[in-house]
Amino acid sequence: MPGFEIFGNEERKQVNDVLETGVLFRYGFDGARRGHWKAKTFETELARHLGVGYAHLCASGTAALSTALAACGIGAGDEVIVPPFTFVATIESVLMAGAVPVFAEIDETLCLSPEGLETALTPATKAVVPVHMCGAMARIDEIKDICDKKGLILLEDACQSVGASYNEKALGSFGKAGCFSFDPVKTITCGEGGAVVTNDRDIYIAADAYADHGHDHIGNDRGAENPLIIGTNYRISELNAAVGLAQLRKLDWIIETQRRNKAAIKDAMSALPGVTFRQLPDPGGDSATFLSFFMPDLETARGAVKALAAAGVDGCFHWFDNNWHYIRKWNHFHAMKASARLAVQALANCPDYSTISMPVSDAIMQRAISMQIKLGWTPEQLDQRIESTVNALKTIV
Ligand SMILES: *Cc1c(COP(=O)(O)O)cnc(C)c1O
């Protein structure tokens with residue numbers, strides 16, 4: 001699946017362009033850079049690829065989330081609805097904004113559900129951050145309808161789902177802003193990097209300024225006279241952008257390959273009684289980075305990951321027992337263990353996260369397993385994997 005499988009001559013060539021000029025900064029130095037604008041070019045191509053008006057690269061996906069929250073004006077005391085199944089970075093960025101994460105249940109899409117969202121609404125709700133987990137979509141049209149009706153900001157965490165779509169519209173392009181990650185274990189990588197995308201020019205200008213201390217970037221250099229907003233440094237370097245640019249140009253091929261490999265495994269597994277699959281509101285838009293499926297219950301799911309590992313089928317995740325992606329084991333978060341008191345903790349509406357309970361999500365996550373889909377499998381390796389997977393699961397169900 002991830003970009004780290006396919007680092008090749010194209011990436012080296014892009015990085016060498018930058019090394020040969022010595023201009024590692026994404027702004028200015030017009031003459032010295034000899035026409036190489038890697039971050040800018042990446043942004044233009046990403047926006048075109050996703051069919052959005054604007055893209056702004058950041059130092060990471062987490063930085064992109066923080067930048068998007070800031071650009072959307074989300075701050076102290078605002079409640080932000082989030083799912084309990086995500087990479088913990090989604091929650092970190094809400095906390096760093098001084099906003100209050102409010103958890104809502106997921107459904108068998110493995111993403112925030114419209115029903116869960118409705119239940120979590122309060123008069124202080126300002127934004128909703130659905131997370132398109134494991135390469136595929138939430139019921140994003142229904143979530144968007146609710147946000148539109150209630151006047152809430154929709155911000156998609158599409159960090160794991162670049163290249164995926166719902167009804168031919170790119171994930172990340174439905175709300176006020178969308179965020180992507182290009183860290184080394186995502187679909188494509190910059191080494192480290194992320195992006196905010198939007199169709200709203202004001203949000204783009206705010207994001208672009210926020211990520212560079214409030215500078216505007218009219219023309220190629222940084223505006224020095226008139227700081228737009230209080231910001232920070234979430235800039236990407238030209239070296240990272242160069243790697244990502246080469247990777248972005250491989251994205252269509254990556255997704256095609258993943259889809260083919262995934263379909264072969266899924267077909268074979270469909271014959272297994274007791275195994276069901278993650279709901280995909282638009283199967284054709286799945287980026288196919290993972291094959292996610294359900295076992296009948298917690299015990300069989302735990303048995304299945306063990307049996308798969310023993311059979312040499314690597315890259316299988318039982319998220320319920322995972323420390324980073326499901327709220328159940330975020331002990332540091334339950335205890336609000338931080339290096340200093342967080343701004344949220346000073347708020348009257350800060351919940352007690354140590355007693356949080358997500359029964360609907362628990363029941364789903366107990367049974368869910370995701371298998372990573374790789375690009376580099378030979379036909380023989382794929383056949384072997386299919387055989388080992390089916391045989392291992394047969395012993396369980
Ligand atoms: C990876 C990830 C992030 C953070 O991205 P980084 O680039 O690693 O900072 C945020 N949200 C989700 C869902 C992710 O998977």
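Angles under 35 degrees count as roughly parallel, those over 145 as roughly antiparallel, those from 65 to 115 as roughly perpendicular, and the rest as oblique. The structure is a predicted model, in which local features need pLDDT of at least 70 and side-chain atom pairs count only at pLDDT 80 or more, whereas totals for chains, interfaces and linings use all residues. Residues are numbered from 1 along each chain as its sequence is written, and side-chain values use heavy atoms, with hydrogens and water left out.

The axes of helix 1 (residues 9-21) and helix 8 (residues 238-248) come within 8 Å and cross at roughly 150 degrees, where axes are lines fitted to C-alpha atoms, for helices over the stretch in contact, and angles run from 0 to 180 degrees between N-to-C directions. Helix 1 and helix 8 are therefore roughly antiparallel to each other. Helices (H or I, at least four residues) and strands (E, at least two) are DSSP runs, numbered from the N terminus. On the side of helix 1, the contact (heavy atoms within 4.5 Å) involves Glu10, Glu11, Gln14, Val15, Val18 and Leu19, and on that of helix 8 the residues include Glu238, Leu239, Ala242 and Val243.

The buried residues of helix 8 pack against helix 1, helix 2 (38-50), strand 1 and helix 9 (251-269). Helix 3 likewise has 9 of its 11 residues buried, so it too is largely enclosed by the rest of the structure, and its buried residues pack against elements including strand 1 (54-58), helix 4 (89-96) and helix 7 (201-210).

The domain assignment, automatic or from a database, gives domain 1 (3-250) and domain 2 (252-394). Their C-alpha centres lie 23 Å apart, and 46 residues of domain 1 are in contact with 49 residues of domain 2.

A nonpolar core is a set of buried Ala, Val, Leu, Ile, Met, Phe, Trp, Tyr and Cys residues joined through side-chain atoms within 4.5 Å. In the largest such core, of 71 residues, Ile74, Phe85, Phe103 and Phe333 touch the most other members; helix 3 (residues 61-71) provides the largest share, 6 residues, and at least three residues are drawn from each of domain 1 and domain 2. Beyond its neighbours within four places in sequence, Phe103 is in contact with residues including Val82, Ile91, Ala120, Trp330, Phe333 and Met358.

Terms used. Buried < 20%, exposed > 50% of the residue type's maximum accessible area, 1.4 Å probe, protein only.
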